[in-house]
Amino acid sequence: MKHARILDFEFGVKKMSRYSALFAVLALLVSSRVAWLTGCSPGSSIASDSDTDTDTDIDTDTDTDTDIDIDIDIDTDTDTDTDADADTDTDTETLPGGMKKGLLEFHVVHNLADDTCLSKGNCHLEIQESEHISDWLGQIEKYSNMPVLHFDGAIPWREMRDSPAPGQDREKFYDLRIDSNLRDWLNAFEAHFSKMKQHDRNQGPNGYLAVSLLSGARNSLAELRSGADQKPVAIGGTCPDISPGSVIEANVEGKTEKIKILDAYKNWVLYLFAKIRPRYLAIIVEMNIYKQLCPGRWDGLVEFYKELYDEVRKEVGPDIDIFPTLSLPPLLGFDFNRCNAQNKWVSCSKQPVEPPTPDVHECYSPDKDTLERLSAGDRMDILALSFYPDSLMFAVPGEIDPVLRVYPADWDGSSDCSMQTRLAPLVDPIKVLDRLGWNGPIAWAETSARSCRTWAWVNNSQLPLVDVPSDSMSQVFWMKHLIQAAKDRDFEFMVWSFLADYARVGVWTVNKGILDPETFALFNIWPCSGITDENLVEKQDVAGLWLGR
């Protein structure tokens, strides 16, 4: 992230202690998720044109100049096939037992593992399915018994300012106002939810809708969607005042727009609810990361949440569970530096020493205050946790090579690493859950773990490239551990973030200026996190656990 810094850093054995700060930066980078979803719903992609010039910029326009432009845009060729009976191969009985399991809709596809795309002029990085969204949701149906829509992108704020008249159909009112590209994409989810409810063997309301008020970086508001072909517009700046009376000014096409955030966002949430009718409704995603990044604005956001909850509750009735989602590491007060204080860095010519198991109290200091404030007045029906365990960077039982390696920033693959350290043995965060004092329902709102090593990059020209460990044994461990925790505590539901793997993005993209280090690190947080490989072939151990075989 842009605010992450390690000062006075240099390589060498004498400076090994300074690598401890690297852990904190990596943990913040992963746990905060960075802004990879901002403006990316529906059907976003990052694509290059045919010229191999590496004078790269990152923008959202659709120009066709001769440089390689990394364009983040809304694909206008969204599939409009929303036939709920298009795929009849769904069988939710492959997910036995009472727990509801769902999958997020993300589908990352790219050809940036190596640089062969440069000569072909077809470098691309797609974030979500766009051309065949109904087909993709059909694939998801084979691995879930609960439909999910996780909307974490630019919002049509202007179209949501006005409310429908009393008695007017809310869905039809806003369908006429939003752009057709977004409407067709949401219609595919409407059909998806309807179809899965028809096949639901649990009998009763089903489905999970999560809506993000915040940007992907969780330190600002979600951007303004200004049309299918237009660049999303940032509103409010970093760490804005988000309180019940907040009015934000947005400059759109040379005109200043004033938007009362609470009213517009309430309308957006209620519109999505009216369209897909879920059983579970998350009205702010990863809310407590805003507390971590913008502590001076936290009180206002808490009051905003309370009023939003009350307004939404009046509309949806008493039978729908309403809640925020919370990131688990900051909720448990995870402190990477204190937890890993005894890790030792050595040169890559030496064998890294296994550190002792850290003390649980050095690692975790649960944030009970957040739960108490958000649940006051019975305003949090479920403790819905967002948790990506790779962000903790512990070695888990059976992991083959739990070693973190650091390379020079200009590494080209021809030399060994500069320094390395062995990850500390796992200090289980699941065992700390009871210290939160929460006695209500719990859910895994989003989670996944990798089955391969990946890259991270500290965003500073003097800082190194980092090879972060994980492997198939680690993914199996976390899948089993998270499912078991859900069963032991009778979780309401569990959502895995990726159906399909994608390969880690190659270092060449930074060295040749195709991607900046932040974007490179961003897309290397979640590779190989799927239940299947890139070709939708099941990873047997992982898929077996998920499907309950």
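Helix H6 lies across strand S7, strand S8 (208-211) and strand S11, and runs at about 160 degrees to S8. Such angles run from 0 to 180 degrees between N-to-C directions, with axes fitted as lines to C-alpha atoms, for helices over the stretch in contact. Helices (H or I, at least four residues) and strands (E, at least two) are DSSP runs numbered from the N terminus. Helix H13 (residues 472-488) lies across S4, strand S14 (383-387), strand S17 (442-447) and strand S20 (493-496), with a direction of about 160 degrees to S20.

The model is predicted: local features need pLDDT of at least 70 and side-chain atom pairs count only at pLDDT 80 or more, whereas totals for chains, interfaces and linings use all residues. Residues are numbered from 1 along each chain as its sequence is written, and side-chain values use heavy atoms, with hydrogens and water left out. The average pLDDT (the predictor's confidence in each residue, from 0 to 100) of the protein chain is 83, and 80% of the residues score at least 70. Over residues 27-41 the pLDDT is below 50, and this stretch has 75 contacts (heavy atoms within 4.5 Å) beyond near neighbours in sequence. Residues 48-94 also have pLDDT under 50, with 119 contacts beyond four places in sequence in the model.

The strands named above belong to an open sheet of eight strands in the order S4-S20-S17-S14-S12-S11-S8-S7, with parallel pairing. Two strands pair if DSSP finds at least two bridges between them. Strand S4 (100-103) and strand S7 (148-151) stand at the edges with a single partner strand each, so one side of each is left without a neighbour in the sheet. On average, neighbouring strands of this sheet are turned by 20 degrees against each other, direction ignored. Within the sheet, strand S11 (residues 280-284) runs parallel to strand S12 (residues 321-327) and is joined to S12 by four bridges. Ile 284 has Pro 324 as its bridge partner in S12.

Attention now turns to charged side chains. The structure holds 30 salt bridges (a side-chain nitrogen of Lys or Arg within 4 Å of a carboxyl oxygen of Asp or Glu). One of them joins Lys 275 and Glu 171, at 3.0 Å from N to O. Lys 275 lies in helix H6 (residues 261-276) and Glu 171 in helix H4 (residues 170-175), so this pair ties together parts that are 104 residues apart in sequence. Both Lys 275 and Glu 171 are buried, where buried means under 20% relative accessible area, exposed over 50%, and partly exposed in between (1.4 Å probe, protein chains only). For Glu 171 the relative accessible area is 16%. Not counting residues up to four places away in sequence, Glu 171 touches Glu 190, Tyr 271, Ala 274 and Lys 275.

Asp 369 and Lys 291 form another salt bridge, with their closest N and O atoms 4.0 Å apart. Because Asp 369 lies in helix H12 (residues 368-375) and Lys 291 in helix H7 (residues 287-293), the pair ties together parts that are 78 residues apart in sequence. Asp 369 is partly exposed at 37% relative accessible area, and Lys 291 is partly exposed at 21%.

Glu 303 and Lys 306 also meet in a salt bridge (3.7 Å, N to O). These two residues are three residues apart in helix H8 (residues 298-316), a separation of about one helical turn. Glu 303 is partly exposed, with 38% relative accessibility, whereas Lys 306 is buried at 18%. Elsewhere, a network of salt bridges links Asp 401, Arg 405, Arg 453, Asp 467 and Arg 504.
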